[in-house]
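Reader: I would like to learn how to read side-chain features. Where do we begin?

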Amino acid sequence: LFDGVYPFYVQQRKSSVFDVSTIIVIVVFLTVACSFLLIIPGIRGRARLYWTIRIFFSLFVGVVIVVVQFTGDWETGWVTANTSYKSFSRALVNADIGLHVGLAGVNVTLVGNPVNQVNETINYNEHFAWSFSADYDHSYGEGLEKGLPSPILYVAEKFTRQSPCGVHRQYRISGHYASATLWVAFCTWLISNILFSMPVLVYGGYMLLVTGAFMIFSLLSFFTVRNSPMCPIQFGTATLRTGYGGSFWLTLAIGLFCFVAGIAVVSLHYCNLDLLKTFFDLREDKAEECREITEVYVNPHFPKNGL
């Protein structure tokens, strides 16, 4: 102990929005996109533009479905307040306290105004996980042992199992269901791409509608948490209030886009099939199948015999 309080140990920090898993997913999808860029110059005519639009829109939908699984900004909130910095200390600091809720846990950030106060650098970003393979209370206990700043421990304590707020179970279960439905949406996205590469375009449109539906289901699962009363997070007279973050709205936008794209494909299948086949570069195959024979060779033996 140092002056009756736990010392601050240097530790690995996790970003509130991007982490290693997110970067890996983005790099993988960028690699696939670059591979298609090498193939596209070999496509002739207007089909090159159609291929480019289909590939990049499809990859964007796929990368969003996977990336939002690892982001920590489904629900965010910030507050600026004068608050105590350490336990058993009367020193007050002016800092920005942030709360970032993801599907697998929460990030609590603390940034001083200015960063250097009370002879220390106040710039913390701590992650507390509640996935099936992680124990939130254990992560919170480790934070106590490390001697994290009081504002971080105060916010993190609201999500523990023993907290009177009782929101740990709701956030944990809704996050698991939202993650599971997003993985189902990713599978249906893969199936839709397979169907679009075959002459069954209408079924690919149906799978796009299913993809959008499961993305909306994931949002509804996370939305149910808002029905639970959240304990006020007070720092003096300031209150930390949260709202839906970028990942929530991005998932909503991509889900609606899948709905619009699926409806467009199904509508064109019944209203203008030729235009749909042209966009998916399938009209040429149909023309070859229906091509008429321009020259006919007749054996002269048959006309002579009246056959």
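**Patch and rings**

Author: Begin with the surface. Val 20, Ile 24, Val 28 and Val 32 make a nonpolar surface patch of about 340 Å². Patch residues have over 30% relative accessible area and no salt bridge, and nonpolar side chains are joined within 5 Å. Areas come from the Shrake-Rupley method with a 1.4 Å probe. This is a predicted model: local features need pLDDT of at least 70, and side-chain atom pairs count only at pLDDT 80 or more, while totals for chains, interfaces and linings use all residues. Residues are numbered from 1 along each chain, and side-chain values use heavy atoms, without hydrogens and water.

Reader: How many aromatic pairs does the whole structure hold?

Author: Rings of Phe, Tyr and Trp (its six-membered ring) pair if their centres lie within 6.5 Å; planes under 30 degrees apart are stacked, over 60 edge-to-face, the rest tilted. The search finds 21 aromatic pairs. Trp 130 and Phe 159 have ring centres 6.2 Å apart and planes at 45°, so this pair is tilted. Their positions are 29 residues apart in the chain.

Reader: Is Trp 130 buried or exposed?

Author: Buried means under 20% relative accessible area, exposed over 50%, partly exposed in between. Trp 130 has 0%, so Trp 130 counts as buried. Phe 159 is buried too, also at 0%.

Reader: Which ring does Arg 54 lie over, at 4.5 Å from the ring centre?

Author: A charge sits over a ring if NZ of Lys or CZ of Arg is within 6 Å of the ring centre and within 35 degrees of the ring normal. Arg 54 lies over the face of Trp 51. The charged end of Arg 54 also sits over the ring of Phe 279, 5.9 Å from its centre.

Conventions: Patches are made of residues with over 30% relative accessible area and no salt bridge: like charges are joined within 9 Å, nonpolar side chains (Val, Leu, Ile, Met, Phe, Trp, Tyr) within 5 Å. A salt bridge is a side-chain nitrogen of Lys or Arg within 4 Å of a carboxyl oxygen of Asp or Glu. Helices (H or I, at least four residues) and strands (E, at least two) are DSSP runs, numbered from the N terminus. Buried means under 20% relative accessible area, exposed over 50%, partly exposed in between (1.4 Å probe, protein chains only).
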